[in-house]
Amino acid sequence: MPVEITWWGHATCTVADSDVRVLTDPLFARRLAHLRRRRGAVPPPRARHADVALVSHLHADHLHVPSLASLAPGTRLLMPRGASRAVPGLRRLGHLEIREVAPGDETVIGGVVVRAVPAWHDGRRLPVGPHRSPALGYVVEGEARTYFAGDTGLFDSMAEEVGPVDVALLPVGGWGPYLGEGHLDAGRAAEALVRLAPRSAVPVHYGTYWPIGMDAVRPHEFHAPGSEFVRLAAGVAPEVAVHLLGHGESVRLEVAR
């Protein structure tokens, strides 16, 4: 059975594997504080259908309480350890089955195993305050091994911590004209392919949200990261098939073990 990846925009994807639907960092808003959705329609209701949702870290564009509240009762929700204490709004999500996880923790959902892995990123809810919850990535293993990186920079033990993967969902940009530490741009994401050596990759986390009133500020940082990643990956990791998806588009990948 192939794995199917659908990119809904930003870091929100559906990974369908072994009859299990995995939703990453659900964000279904037209506007979030000073950000507006500049490209791609808000995901349709079917995007909210999942057996499990994964939250990589506590930033509001990755842990968006109203989007989580729209998930169906009984949906499992995995998030970094300490999230419930750091984000009081999670207390109203009593209809979800919430589990807090740390790197190395595994969760079985039907025919897949979801393993939390480290990320190098400032995962605090606010830009100041104590570090209470680690930023995470996840490896979803069913028929395929799919790595969802969340938000991360390169780190020395990335290949060791993530392990062998078939598909990598890698951030290649952001929601503003500049990326700080702990992020992948197109070039660093291409280097991640060299380290991880997946069979396939899908660039995410770009070309969706942008600050209001800043459309003319470094517009290439909004438009170009996906195609730039394709170009750079072809040079340093030509054996990796890179799939550049539009918002709401899917790719089905056959995996041979």
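A pocket, as the word is used here, is an open set of grid points with protein on both sides within 12 Å along at least five of seven lines, and its lining residues have an atom within 4 Å of a point. In this predicted model, the largest pocket is lined by 26 residues, and the second largest pocket is lined by 13 residues. The helices α4 and α6 both contribute two or more residues to the lining of the second largest pocket, and their axes come within 8 Å of each other.

**Largest pocket**
- Sorted by class, the lining of the largest pocket comprises 11 nonpolar, 9 polar and 6 charged residues.

**Second largest pocket**
- The second largest pocket has a volume of about 160 Å³, and D185, A186, H220, E221 and P225 are the lining residues nearest its centre.
- Two or more lining residues come from each of α4 (186-196), α5 (220-223) and α6 (225-236).
- By class, 7 nonpolar, 2 polar and 4 charged residues make up the lining of the second largest pocket.

**Packing of α4 against α6**
- The axes of α4 and α6 cross at roughly 40°, and the two helices are therefore oblique to each other, with a crossing that is right-handed.
- On the α4 side, the contact is formed by A186, G187, A189, A190, L193 and V194, which meet P225, E228, F229, L232, A233 and V236 in α6.
- Counted by class, this contact of α4 with α6 has 10 nonpolar, 1 polar and 1 charged residues.

Definitions and conventions. Residues are numbered from 1 along each chain as its sequence is written. This is a predicted model: local features need pLDDT of at least 70, side-chain atom pairs count only at pLDDT 80 or more; totals for chains, interfaces and linings use all residues. Side-chain values use heavy atoms; hydrogens and water are left out. On a 1 Å grid over the protein atoms alone, a cavity is a set of points where a 1.4 Å probe fits but cannot get out, and a pocket is an open set with protein on both sides within 12 Å along at least five of seven lines; lining residues have an atom within 4 Å of a point. Ala, Val, Leu, Ile, Met, Phe, Trp, Tyr, Cys and Pro count as nonpolar, Asp, Glu, Lys and Arg as charged, and the others, Gly among them, as polar. Grid points are joined across faces, edges and corners, and a volume is the space filled by probe spheres set on the points. Helices (H or I, at least four residues) and strands (E, at least two) are DSSP runs, numbered from the N terminus. Axes are lines fitted to C-alpha atoms, for helices over the stretch in contact, and angles run from 0 to 180 degrees between N-to-C directions. Angles under 35 degrees count as roughly parallel, over 145 as roughly antiparallel, 65 to 115 as roughly perpendicular and the rest as oblique. A crossing is left-handed if the near helix is turned anticlockwise from the far one by less than a right angle, and right-handed if clockwise. Contact means heavy atoms within 4.5 Å.
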